[in-house]
Amino acid sequence: MMPSSKRIGPIAAMPTLLVAVLSTLSLSTATRSERKVVSSLTDLPFDENDHLSSHIIAYPASGPCSSLVEDALPTGENLYRHIPFAVEGDAAATLFGDKLEEISESSSIKDVTQCPAVCLDRGVDSSLVAYPLPGKYYDPDGGDTHSSIADFVASLSCGRVEFGFINYSPKTLSLYWVNGRGERSFLYPLERMEKNTKFIHTFIGHRFIAEDPDTKTDLLDHTVEFTGVIGVLNHENNHRQRDIRKEVKRTMGGEWNKHLQVKRTFSPLGFDKGRLSDDIFGSMRSFYYNNRNPPHRLMEEWDSKGLYVNHWESDCNFIQIPWEMKKIWQERLKEVVQSWAGVEIEQTDLYGMRQYEAGARLLTHVDRITTHAVSLIVNIAQGNLTSPWTVEVYDHANRLHEVIMQPGDIVYYESAKSLHGRNTPLAGGYYANVFTHYRPIGDPNWYKKENPEGTPEPLMDVGKCELVGKPNDYSVGAVKCENPAIGPHLSPKMITATSGDDLYEWWLSVGPSYDDEKSSDEL
């Protein structure tokens, strides 16, 4: 992932009186009569793409907790469009596990605070619905927001959400909250561009309007259905005359020199491949699925960011992630990156979701040197690819590796040292990623230091290597070396870079041809 500026400002706080009003109002039509009993999670409502089609509140169907939870559940609009489901059998065992056994064997269950319940997000895959995040469970010992079932339903675990508004209209707009009687309450001026995105806490079922203050025309009228973001119109990148090949060659020389500035390493190769845990992947997938289409998915702003992404040839789209969701994901991802890096780290950035479209390319580069010591690529979604779109990573000996990823796969990488990119154009379809970054705690000068004792030695000499597979076999050990520690991802092209010129030649060799007289981003 390339260097980037800070994405968005802090969450906007709603007026105190308005928050009190919002906490009691919604447009949900769910009622007690809609509660159902299921013994298998496959019996929950899924849409045509096999994603949960509604928000769900699940609780045990048997024992004292069944009636205790049902008596405590709010009704109608205060369910915030969540449908209650009583679960039994495999469904109950999967969601509640040991807790279910505890309450089944206990004769002293007298209070609903002793009972389990969980909220399941609309949009989660059927294969991941069994793995909600811990924060989605009712936990009356965890804080005031879960002091009762009604509070739980109205909390960020269920009906309360974080939602963002981005303005790409020509002028500053007025953002309003609209109550059930259609009366407007002014919230904020909604200024233009991504840097002025307004994130607020609200509730599922609440309605917002963005109005042109001069003409009194409504440019947006939206009812919130999930945690997410929405745009008023969309961004258009301005393309300018530029010599693409000249700029790429200069950029490749600069990136090569930058990666040589980093002394410290963390792993033998500078990268590795892993798999995301199901609960955090389920959270990411539901967020992506719910926001995957415009006006939630918007054009990424590339007007002044250089040419690391070929935005003049292929659209590059972006789904902003709300602050609190970012924090949850970042903390969980930090655990796995810290285990891989072998040192205590602190979070510095989480970027995405970025969705690449057919023809997309990402130049070989390294990331911000002071903050991006160890990082993670998470593939959230991909579809309709006619050939794999490999992550190209150069190891500590500058050998090229090409890694295939599937949704839920992660690639650890030393992103300020290990050159990485995707120069081969994306063959059809789409490809959505999240990038997260860390560094050793409180140490912006980490890259100037020698490796501490106990750091794995960089794998430099692996002996003789030969191609034993096909030229387009990736991540399956197509290249065998005398030292098997090189792993299965060594590129069948068997390329070792020695300069920025080599990176440039690679970019030329795998991409489309350029007409000398039309070498500009107006191609």
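**The whole chain.** Begin with the complete chain, which is a predicted model. Its secondary structure comprises eight helices and 24 strands. Along the principal axes, the C-alpha atoms occupy a box of roughly 70 × 65 × 45 Å. A compact globule of 523 residues would have a radius of gyration near 24 Å, and the 25 Å of the chain agrees with this. Of the 523 residues, 53% are buried. Among contacts with a separation of 6 or more, 79% are between residues 24 or more positions apart. The accessible surface is about 21,800 Å², and carbon and sulfur atoms contribute 48% of that area.

**The three-stranded sheet.** Next, select β5, β8 and β11, which form an open sheet in the order β8-β5-β11 with mixed pairing. Residues 198-203 (β8) and 228-232 (β11) lie at the edges; each of these strands has a single partner, so one side of each is left without a neighbour in the sheet. From one strand to the next, the twist averages 30 degrees.

**The hairpin.** Finally, select residues 173-178 (β6) and 184-190 (β7), two antiparallel strands joined by six bridges. Display L175 to find Y188 of β7 opposite. Which residue in the turn has a positive phi? Five residues separate β6 from β7 in this hairpin, and G182 in the turn has a positive phi of about 85 degrees.

Conventions. Residues are numbered from 1 along each chain as its sequence is written. This is a predicted model: local features need pLDDT of at least 70, side-chain atom pairs count only at pLDDT 80 or more; totals for chains, interfaces and linings use all residues. Side-chain values use heavy atoms; hydrogens and water are left out. Two strands pair if DSSP finds at least two bridges between them. Helices (H or I, at least four residues) and strands (E, at least two) are DSSP runs, numbered from the N terminus. Axes are lines fitted to C-alpha atoms, for helices over the stretch in contact, and angles run from 0 to 180 degrees between N-to-C directions. The radius of gyration is taken over C-alpha atoms; the globule rule is 2.2 Å times the number of residues to the power 0.38. Buried means under 20% relative accessible area, exposed over 50%, partly exposed in between (1.4 Å probe, protein chains only). Contact means heavy atoms within 4.5 Å. Accessible areas come from the Shrake-Rupley method with a 1.4 Å probe; for residues, only the protein chains shown count as cover.
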